[in-house]
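Here's a quick briefing to read alongside the model. Have the structure open while you go through it.

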Amino acid sequence: MAYGETQAMTKYEPVIGLEVHVELNTKSKMFCRCSADYFGKEPNTHTCPVCLGLPGALPYTNQQAIDDCIKIGLALNCKISEKSLFERKNYFYPDLPKGYQISQYRWPLTVNGWIEVEGREEIRRIRINRAHQEEDTGKLTHHGGSTLIDFNRSGVPLVEIVTEPDFESVEEIRDYSKKLQQLFRYLGVSNADMERGDMRLEANVSVKREGESELPKYRVELKNINSFRFMVAAVDYEIKRQIEALEIGERLSQETRGWDEDKKCTYLQRSKEEAHDYRYFPEPDLPPFFLDPKKIKEIKNSLPELPWNRAKRYQTKLGIKKNDAQHGRKHKIIPQEIANYLINKKSDINTLLPTQIIEEILDKRVGVIENEEELEKMAKEAMTENPTAVDDFVKGKQQAIQVLIGAVMRRTQGKADAKRAREILEKLLK
Amino acid sequence: MKLTKDQVKHVAKLANLPVTEEEEEKYSEQLSKILDYIDQLNQVDTSDVEPTFNVSGQTNVQSEDKLGVCLPQDDALSNAPKKENGFFVTKGVFDNE
Ligand SMILES: [Zn+2]
């Protein structure tokens, strides 16, 4: 696919990589036990010496966050590193109380994965460079001539997913972003709400002459864009802007740009001269992680069926068309529900449209199961069914509860709130 | 190894420290001496020593995901030179976060 066929002889290809940040919905923060539920709370009421960066405070890693990051990595076909370390990313900004962010650089938790995306015509694989663990920064509000800081968000667990520069069109970007959002919700690791900032997108965009194998020497970072639609518009604009610049012999440089929705164009935020020099080095306050293959396997077994695999299964086994399958996938409808519907209604399968079935099933659904007794009953059944997991948990293997949560989710056909299921299981296992 | 004044300027900028011209001169000498000392250390043969970044010998230290106690807002803000309605206040930065 080539851009710029009409205006010039030379054809160009965009080179695009994406970075996605997702905030995890753990109870506590990444390196302290302050509440991570900061949205709409009184400013600076969820802080402690660790997340305020006070001298002498020591970080303590949140186990659930590490497990969630591994889940995301596994779902994206990443390899889980045997050894993983946190590092300090050093820079000065008022939202960063320590003067550095604890992140990962040379030893990320998970690396080298892939995901299939749908573009204009074909399905292609996008390579995932890494999914690593880090912490969020405080929140800044600009007010008159000064800046107000709220550190409630400081230290909330954040997973960063970086692709290789493999995207060829904005359609692929849209599909990728939507797939990731759906994945986070399926795994129950984040609400992935873009407007609230649970999920943030950044794109690195450059263009090269068609067929050229070498990557361009510059890249433009598109940042602080809080919707799929704006991101797609910004990338589209940027590709055209860069081609036009190259056509008139301009040299493009490394810079950060944002999206102006009113003017429908990108604008310069930061140029190369101000580029950061992060001086990463291993975080001396956090010992290394050696990840146990047995534990990784347990986490892998606890994963629900992934949304794209489910859609594929509908298509092949049930002969449902792609769009209908995606529709069903979005609402977590499982074949059993469709079968029940058809049997109960004695419907004529030849006259019913799949979309219609899905709509009606959704109408009948009460949404998430909120009935405490019903959930408790299923939790008990899940425990009877999985005595080993119960045993392991009682013996102190926290991870074993994942198996039980998985069993409850299967029983409720995905209609239970995984967080609530965990709470009930924890109560019963006490 | 001699550290140039430009390098000192760069390091000072990264560390967000204001440095006078006089200090640039002084620090370039002092920091160069530290680098010389590191050079001396570098002469030790460490080819069969595993690099380490943490001397505690511990691994996989993790804590359960449960809530602890936070500081009251007043305490959190008690060292702030400037505060307003529960926020820390600093001079304006306009790079959209
Ligand atoms: Zn804290």
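A:Cys78 counts as buried because its relative accessibility is 8% (buried means under 20% relative accessible area, exposed over 50%, partly exposed in between, with a 1.4 Å probe and protein chains only). This is a predicted model, so local features need pLDDT of at least 70 and side-chain atom pairs count only at pLDDT 80 or more, while totals for chains, interfaces and linings use all residues. Residues are numbered from 1 along each chain as its sequence is written, chains are lettered from A and ligands numbered from 1 in the order in which they are written, and side-chain values use heavy atoms, with hydrogens and water left out.

**Cysteines**

- What keeps A:Cys78 from bonding to A:Cys69? The closest cysteine sulfur to that of A:Cys78 is in A:Cys69, and at 8.8 Å it's too far for a bond.
- Searching the whole structure turns up 0 disulfides over all chains (a disulfide being a pair of cysteine sulfur atoms within 2.5 Å).

**Zinc site**

- The zinc ion gets its protein donors from A:Cys32 (SG), A:Cys34 (SG), A:Cys48 (SG) and A:Cys51 (SG), at 2.3 to 2.4 Å (donors are N, O and S atoms within 2.8 Å of the metal, or 3.2 Å for Na, K and Ca; water is not among the atoms, so sites may look incomplete).
- Angles among the 4 donor atoms run from 100 to 116 degrees, which makes the zinc site tetrahedral (four donors qualify if all angles lie between 85 and 135 degrees).
- Along the sequence, the zinc donors follow the spacing C-x1-C-x13-C-x2-C.
- A:Cys32 and A:Cys51 are both buried, and A:Cys48 also counts as buried because its relative accessibility is 9%.

**Nonpolar cores**

- The largest nonpolar core has 73 residues, and A:Ile72, A:Ile161, A:Tyr176, A:Leu180, A:Phe184 and A:Val235 touch the most other members (a core is a set of buried Ala, Val, Leu, Ile, Met, Phe, Trp, Tyr and Cys residues joined through side-chain atoms within 4.5 Å).
- Helix 3 (residues 228-247) of chain A is the top contributor to this core, with 9 residues (helices are DSSP runs of H or I, at least four residues, and strands are runs of E, at least two, numbered from the N terminus).
- Another core lies apart from it, with 19 residues, including A:Ile401 and A:Ala416.

**Strands 5 and 6**

- Strand 5 (residues 87-90) and strand 6 of chain A pair antiparallel over 4 bridges (pairing takes at least two DSSP bridges).
- Across that pairing, A:Arg88 stands opposite A:Ile102 in strand 6 of chain A.
- Strand 6 (residues 100-103) of chain A is covered on both faces, with A:Tyr100 and A:Ile102 buried on one side and A:Gln101 and A:Ser103 buried on the other.

Note on methods: Tetrahedral: all angles 85-135°; square planar, octahedral: opposite > 155°, others 65-115°.
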